Amino acid sequence: MRHFPHARGVTLLPALGAAILILGRLAAAHAAHRAAPLAIAAQPAGRPEPRGDTYDLVIRNGRVMDPESRLDQTGTNVGVLDGRIAVVTREPIHGRHEIDAAGLVVAPGFIDMVSYDPNPVGVWNKIADGVTTNLTLHGGTTDPPVWYGYYGRHPPPVNFGASFFYSVARNELNIPLTAAATDKQILTLTERADRALREGALAVSFSLEYVPGIRREEIVPLMRLAHRYHVPVFFHARYSTMEGPGTNLEALREIIDGCRETGAAAEIEHITSTGGTFSMPQSVAMLEAARTSGLDITADAYPYTYWATYLDSERFAPGWQRRFRITFHDLQIAGSTERLTAESFARYRHEHRIAAAFAIPQADVTRAMETPWIMIASDGILGPTHNNHPRASGTFTRTLSVYVRELKVLSLMDALAKMTIQPARRMEQSSVEFRRKGRLSVGADADIVIFDPARVADRATVEHPEVPAVGMAWVIVNGTVVKTPAGLERTEHPGRPLRGDPAERARLAQNPS
Ligand SMILES: [Zn+2]
């Protein structure tokens, strides 16, 4: 929404572990001899790999769930080697470190596409929520080398990547939010986007509601460019209610028409708050028809019946009460229990505060959760001042606790798919690295969550958006444990950059499909 931006112990296999620690991989040949013969047929996901007792990490006896293959199998072991998943098997395996996952689900780490820069405070709440990849695709950068350079020098615990953010590019040219860009400015902006996509940006992102001056003439050239570079275009759509002027359906029509005209793929961000509020059945039907006609359009949502944004944003332009069917009292200042009045609204507006707006019908959220191509994404990351919506800390665990466990709106497997394989597929044309994300199978990056499906839950509230989720027993990023049942491993920063490959992009640009 913002426009800018139980423990089960680790077992160190005593004698064997020590020997392997000393001998390292040299022990592999001997170990293979010592290990019992392993049946290839017992390996459920992927090709057989050489095995032994030399895995870096073994997750033992878990309920392994892989939304790509739909594998859902208890009593299964996962072996990790060099940051990748090396084996998934029911045969006994051993590693230097072992996690007993009996009674727990072992699944791919979650990919949060609609997030913001991975600041050192918010990333740890992401980890507690099961997020192993945090993408700045609502927002982003105009200068990928600088952005990736910074996070490369200050790596977060999560994997990271960013889009080319059109709003900032426009600001850099001093174009007022409500003014149209000139033809010359459009040319400059398109060139900047072209450079950013060659330099590794994963997508192009627009926040149309917040920058109402953006016209079709500005959007279409960038959508063409995105199509040429095989990256999706992320939209915070132009309108967010069913009151004119401008409705959800008009906002979706604009995006659908753009996709049809340019061939670009599009992601509609947080459709429950922008593009679908009060109109979810019609909005879903309209997008469904566009998808059936061959357009590559997907959407995402967070599992809350309230949105939040800055009080001084365009969203609170005069008439917001009518548009959102709410009053001052339906607004609550983030980090407090305070509901607003006309007087306090005016005051907080000047303080650039975020307010939660209790304005999303439950039926709209439920409908979004039921829709197979609507994924889970947070639209938030906690910052140092905690001035945020609880979605920053609880989006993924709340989906599992409320929409899977309590309301039974979707199965655990379907929910996991919306958090893992579906976002990975959304992004895998941007970067081949996503072909190793969102999967729990041999060859995939070892981004793994291990949790109790009966206990996992969000704890963050509007008053306390900073309270971390519970129930994610273990979180592993690129093979490194960043959370144990005892807490966060704050000294670990195994996150890696995810960016488009310029050479691959150039090849694609020369041979457009
Ligand atoms: Zn937004």
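Mentor: A residue is called buried if 20 or more other C-beta atoms lie within 10 Å of its own, exposed if 12 or fewer do, and partly exposed in between, with the C-beta atoms placed from the backbone. This is a predicted model, in which local features need pLDDT of at least 70 and side-chain atom pairs count only at pLDDT 80 or more, while totals for chains, interfaces and linings use all residues. Residues are numbered from 1 along each chain as its sequence is written.

Trainee: How many of the nine residues of helix 11 are buried?

Mentor: Helices (H or I, at least four residues) and strands (E, at least two) are DSSP runs numbered from the N terminus. In helix 11, residues 342–350, the number buried is zero, so the helix lies largely in the open. After helix 11 comes His352, with a positive phi near 55 degrees.

Trainee: Turning to helix packing, at what angle do the axes of helix 6 and helix 7 cross?

Mentor: Two packed helices are described by the angle between their axes and the distance between the axes. Here the axes are lines fitted to C-alpha atoms, for helices over the stretch in contact, and angles run from 0 to 180 degrees between N-to-C directions. Helix 6 (residues 183–198) and helix 7 (residues 216–228) have axes that come within 10 Å and cross at roughly 25 degrees. That makes the two helices roughly parallel, a label for angles under 35 degrees, with over 145 being roughly antiparallel, 65 to 115 roughly perpendicular and the rest oblique.

Trainee: Which residues of helix 6 and helix 7 make the contact?

Mentor: Taking contact to be C-beta atoms, placed from the backbone, within 7 Å, helix 6 contributes Ile186, Leu189, Thr190, Ala193, Asp194 and Leu197, and helix 7 contributes Glu217, Glu218, Pro221, Leu222 and Leu225.

Trainee: What is the strand order in the open sheet of three strands?

Mentor: Strands of a sheet pair through backbone hydrogen bonds, either parallel or antiparallel. In this sheet the order is 14-16-15 and the pairing is antiparallel, where pairing requires that DSSP find at least two bridges between two strands. Strand 14 (307–310) and strand 15 (331–333) are the edges, each pairing on one side only, and the twist averages 30 degrees from one strand to the next. Four bridges join strand 14 to strand 16 (residues 354–357), and Thr309 stands opposite Ala355 of strand 16.

Trainee: Where is the positive phi in the hairpin of strand 19 and strand 20?

Mentor: Asn478, in the turn, has a positive phi of about 50 degrees, and two residues separate the strands. Strand 19 (residues 472–477) and strand 20 (residues 480–484) run antiparallel, joined by three bridges, with Val475 opposite Lys483.

Notes. Two residues are in contact if their C-beta atoms, placed from the backbone, lie within 7 Å.
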